[in-house]
Every structure is written in structure tokens, then in C-alpha cells.
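Dear colleague,

Please find below the sequence and the structure that I am handing over to you. My notes on what was found follow directly after them.

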Amino acid sequence: QVQLVESGGGLVQPGGSLRLSCAASTTIFQIYALGWYRQAPGKQRELVAFITARENTNYADTVKGRFTISRENAKKMMYLQMNNLKPEDTAIYYCTAGDGNANDYNPHDWGQGTQVTVTV
């Protein structure tokens, strides 16, 4: 099981940016596909983006062109750069580790989540 810890959430105005980070505790970080999910109040959990072990990336249509997922295997870190944030991006964001290919992702392990709030 992979332990995952998110950081970087907070309060930001519409149009602003945030960078979420996820630290993983595993010696084989590089073999995992990784993903970010989010859950807004009263809504189902949504897959925001994922990145495979080969660094193929995939994004939800709602964030395409605004969010960028990346990973740094040497540091066992994953990131989500979020630009041009909108109020509808407000949610708890979860870091996950799992398996997948360029078109499909299956999370196995979850972090505790970090709150992102976009408001004037």
C-alpha cells in the first residue's frame, strides 16, 4: 500500500493559480500510474487528471487547457498545476496511486485530500 500526502490547497480568487503536491512513500514509485480526483459538496467524485508510468497524461474536459499534471520520480512526487481557476473547481482534491494506460486509470491508494476553494 502506498501512503500519499497532499499539500498546496487553499483559498484563491477566480482566475488565480494553485499548485497541488503529492508525496508518496514507496520504493517503486516509478511503476505506478498516478491521478488526481476531486469531490465537490453534493457531487460525485470526479477524475481530474492522471499520468501513467510512461508519463502519458489524460485530463477531464472540464480542466483541459487549465490544469497540468506532472510527476518527479526521483523525489516520489506528483503535482497538479491549476491555472485560471473557476468557482466550480472548488472541491477536495485527492491524490491517488494505481495502474493504467494512456486511456484508462484504476486507483488503488488514496490520500486524505486537500481543500481548494475558489471564491471572490
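Arginine 66 is buried, because its relative accessible area is 10% (buried means under 20%, exposed over 50% and partly exposed in between, with a 1.4 Å probe and protein chains only). This arginine 66 lies in the loop between β6 (57–59) and β7. Leaving aside residues up to four places away in sequence, arginine 66 touches Gln81, Met82, Asn83, Asn84, Leu85, Lys86 and Asp89, where a contact means heavy atoms within 4.5 Å.

Please note that this is a predicted model, in which local features need pLDDT of at least 70 and side-chain atom pairs count only at pLDDT 80 or more, while totals for chains, interfaces and linings use all residues. Residues are numbered from 1 along each chain as its sequence is written, and side-chain values use heavy atoms, with hydrogens and water left out.

One of the residues touched by arginine 66 is Asn84, which deserves a separate remark. Most residues other than glycine have a negative phi. Asparagine 84, although not a glycine, has a positive phi of about 50°. Asparagine 84 is placed in the loop between β8 and β9 (91–100), and its relative accessibility of 42% is why it counts as partly exposed. Lysine 76, also not a glycine, has a positive phi of about 55°. This lysine is found in the loop between β7 (67–72) and β8 (77–82), and it counts as partly exposed because its relative accessibility is 28%.

Turning to the aromatic residues, the structure holds 4 aromatic pairs (rings of Phe, Tyr and Trp, the last by its six-membered ring, pair if their centres lie within 6.5 Å; planes under 30 degrees apart count as stacked, over 60 as edge-to-face and the rest as tilted). Tyrosine 37 and tyrosine 105 form a tilted pair, at 6.5 Å centre to centre with 35° between the planes. That pair links distant parts of the chain, since tyrosine 37 is in strand β4 (residues 33–39) and tyrosine 105 in strand β10 (residues 105–110), 68 residues apart. Both tyrosine 37 and tyrosine 105 are buried. Tyrosine 37 also pairs with tryptophan 110: the ring centres are 4.8 Å apart and the planes stand at 45°, so this pair is tilted. Here too distant parts of the chain are linked, with tyrosine 37 in strand β4 and tryptophan 110 in strand β10, 73 residues apart. Tyrosine 37 has a relative accessible area of 11% and is therefore buried, whereas tryptophan 110, at 31%, is partly exposed. Ring pairs link Tyr37, Phe50, Tyr94, Tyr105 and Trp110 into a cluster.

As for the protein as a whole, it has 0 helices and 11 strands (DSSP runs numbered from the N terminus: helices are H or I of at least four residues, strands E of at least two). Of its 120 residues, 45% count as buried. Among the contacts with a separation of 6 or more, 56% are between residues 24 or more positions apart. The C-alpha atoms fill a box of roughly 40 × 25 × 25 Å, taken along the principal axes.

With kind regards
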